[in-house]
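Student: I have a model open and want to learn to read it. Can we go through it feature by feature?

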Amino acid sequence: MSVSRRKFLRSASQLAAGAGLATVVPEPLRAGSRAVSANDTVRLGLIGCKNMGWANLTSILRHPGVSCIALCDVDRTVLHSRAADLAKMTANRLPAEPKATLYGDFRKLLDNKDIDAVIVGTPDHWHCLPTVYACEAGKDVYVEKPIANTIEECNLMVAAANRYGRVVQVGQWQRSGAHWNAALDYVRSGKLGRIRTVKTWAFMPYGKQFPPVPDGPVPAGVDYETWLGPAPQRPFNQNRFHGSFRYFWDYAGGLMTDWGVHMIDMALSGMRVTAPRSVVAVGGKFGFPDHAGETPDTMQAVYDFGEFTLLWEQSLGTARGPYDREHGVAFIGNLGTLVIDRNQWEVLPEVEGGKYLTDALPTQRKSGDDLSQHTLNFLECIKSRQKPHCSVEIGRDVAVNAQIGNIAYKLERRVFWDAQQGAFLNDPKANELTKAHYRAPWKLPKV
Ligand SMILES: NC(=O)c1ccc[n+]([C@@H]2O[C@H](COP(=O)([O-])OP(=O)(O)OC[C@H]3O[C@@H](n4cnc5c(N)ncnc54)[C@H](O)[C@@H]3O)[C@@H](O)[C@H]2O)c1
């Protein structure tokens with residue numbers, strides 16, 4: 001790559017990383033539900049209530065000045081049990097909280113003009129439409145990672161947030177973590193010397209036992225047609241449903257888009273880059289060939305960023321990852337290596353002639369609750385109209401990196417990315433895999 005092209009990529013990425021101009025969200029194209037001022041209570045709706053959506057809601061409700069007035073889920077059992085949980089949680093609040101309105105169709109929830117902002121906690125194949133429609137309806141959005149299941153959807157979400165002037169916070173909550181930010185500042189300080197490799201990984205002990213099960217009847221109370229939504233039609237199978245949808249390409253991208261976006265996001269931020277030149281990935285269902293999922297339990301992806309390499313490693317069903325950590329990021333410099341995970345970070349200096357080449361920092365522990373800081377930042381940005389810590393652009397950039405890795409894996413070869421075009425170089429097969437193909441009656445939104 002030429003020096004000037006490298007410089008362009010780096011400066012474009014610095015802008016996207018928030019080091020540049022765009023710190024305020026654009027003015028709304030048309031009026032939203034209402035402008036939320038400093039003393040207003042923010043009124044929330046939750047779409048997708050089971051696991052992470054609920055974790056986000058409980059986190060945000062611990063902050064003052066926020067209330068949940070609507071819940072939506074396509075599984076009525078989940079919906080009613082979360083409605084009961086919410087009522088219990090807010091029972092002692094003064095003034096008394098209104099009872100949340102319950103919905104099975106997120107479009108009806110979005111029609112509710114009293115709602116200022118929504119949390120989107122649905123599976124990955126259901127992130128794009130609720131986010132785009134929420135932006136159109138003038139609501140701010142906290143959307144889970146990865147922001148979408150295809151590159152095409154990621155770009156539409158960025159376009160919608162900007163066109164309608166909405167605050168969109170993505171659930172990569174490391175962005176609000178104090179120990180992550182301290183470590184990334186250290187990386188950028190130059191104290192590690194020239195960084196030639198960043199390792200990122202997730203070795204997760206779960207997922208060992210996941211035998212195939214026959215297709216079966218749709219559980220009572222589940223609107224399965226809507227759960228499938230834009231994904232291809234197929235009979236109901238318990239394995240492909242709540243939680244474990246992660247192992248199936250129609251809805252998600254395996255460990256790469258589950259944990260990869262969290263860890264690779266930190267690598268991109270530390271190195272102030274957004275897009276690789278090329279990626280090669282190798283893997284398969286090597287650990288558990290009989291696992292019912294489609295996504296690989298084992299994969300290594302190597303990203304070429306021109307001046308350094310980024311390595312992603314995933315292993316489902318084993319926990320002894322690099323540096324004996326289940327997940328993490330290691331910035332490997334000429335003078336030392338900084339290793340970080342969700343609990344702590346440390347610097348392992350290189351040694352020469354019996355001397356450390358850089359400071360040997362003692363272990364720096366995590367302090368505080370990173371998710372809480374992230375949901376607080378979302379609330380603050382709803383009022384200030386500042387860009388949140390994990391803007392939709394940041395969410396798009398890392399989701400694109402993860403998607404490129406999975407596309408290289410699927411094609412079993414090296415793929416070359418043109419960051420300016422946002423497309424693979426002379427590669428129709430790879431470019432086809434960036435596209436979203438929605439099942440009728442759902443349509444990819446036009447922004
Ligand atoms: N940030 C994090 O640390 C973190 C952690 C876990 C999960 N996640 C992300 O959160 C998302 C959800 O994961 P999960 O584990 O909570 O999944 P889950 O399957 O446990 O819950 C998803 C819920 O969404 C509901 N749903 C599906 N389609 C819907 C629709 N069209 N309208 C309304 N509700 C719908 C389901 O019925 C279910 O209740 C995923 O994208 C995942 O990657 C993020």
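Tutor: Start with contact: it means heavy atoms within 4.5 Å. Helices (H or I, at least four residues) and strands (E, at least two) are DSSP runs, numbered from the N terminus. This is a predicted model, so local features need pLDDT of at least 70, side-chain atom pairs count only at pLDDT 80 or more, and totals for chains, interfaces and linings use all residues. Residues are numbered from 1 along each chain as its sequence is written, and side-chain values use heavy atoms, with hydrogens and water left out.

Student: Which residues in H7 meet H9?

Tutor: Trp 180, Leu 184, Val 187 and Arg 188 of H7 meet Met 263, Met 266, Ser 269 and Gly 270 of H9. That contact divides into 5 nonpolar, 2 polar and 1 charged. Ala, Val, Leu, Ile, Met, Phe, Trp, Tyr, Cys and Pro count as nonpolar; Asp, Glu, Lys and Arg as charged; the others, Gly among them, as polar.

Student: At roughly what angle do the axes of H7 and H9 cross?

Tutor: Axes are lines fitted to C-alpha atoms, for helices over the stretch in contact, and angles run from 0 to 180 degrees between N-to-C directions. Here H7 (residues 178-188) and H9 (residues 254-271) cross at roughly 40°, and their axes come within 9 Å. They are therefore oblique to each other. Under 35 degrees counts as roughly parallel, over 145 as roughly antiparallel, 65 to 115 as roughly perpendicular, and the rest as oblique.

Student: How many residues has the largest nonpolar core?

Tutor: In soluble globular proteins, nonpolar side chains tend to be buried together. A nonpolar core is a set of buried Ala, Val, Leu, Ile, Met, Phe, Trp, Tyr and Cys residues joined through side-chain atoms within 4.5 Å. Buried means under 20% relative accessible area, exposed over 50%, partly exposed in between (1.4 Å probe, protein chains only). The largest core has 65 residues; Tyr 303, Trp 312, Val 329, Phe 331 and Leu 338 have the most contacts inside it. H9 gives the most to this core, with 10 residues.

Student: Where is Pro 95 found?

Tutor: Most peptide bonds are trans, and most residues other than glycine have a negative phi. Pro 95 is in the loop between helix H3 (76-89) and strand E3 (101-103). The bond from Leu 94 to Pro 95 is cis, with omega near -5°.

Student: Is Asn 426 buried or exposed?

Tutor: Asn 426 is exposed, at 78% relative accessible area. Its phi is positive, about 45°, although Asn 426 is not a glycine.
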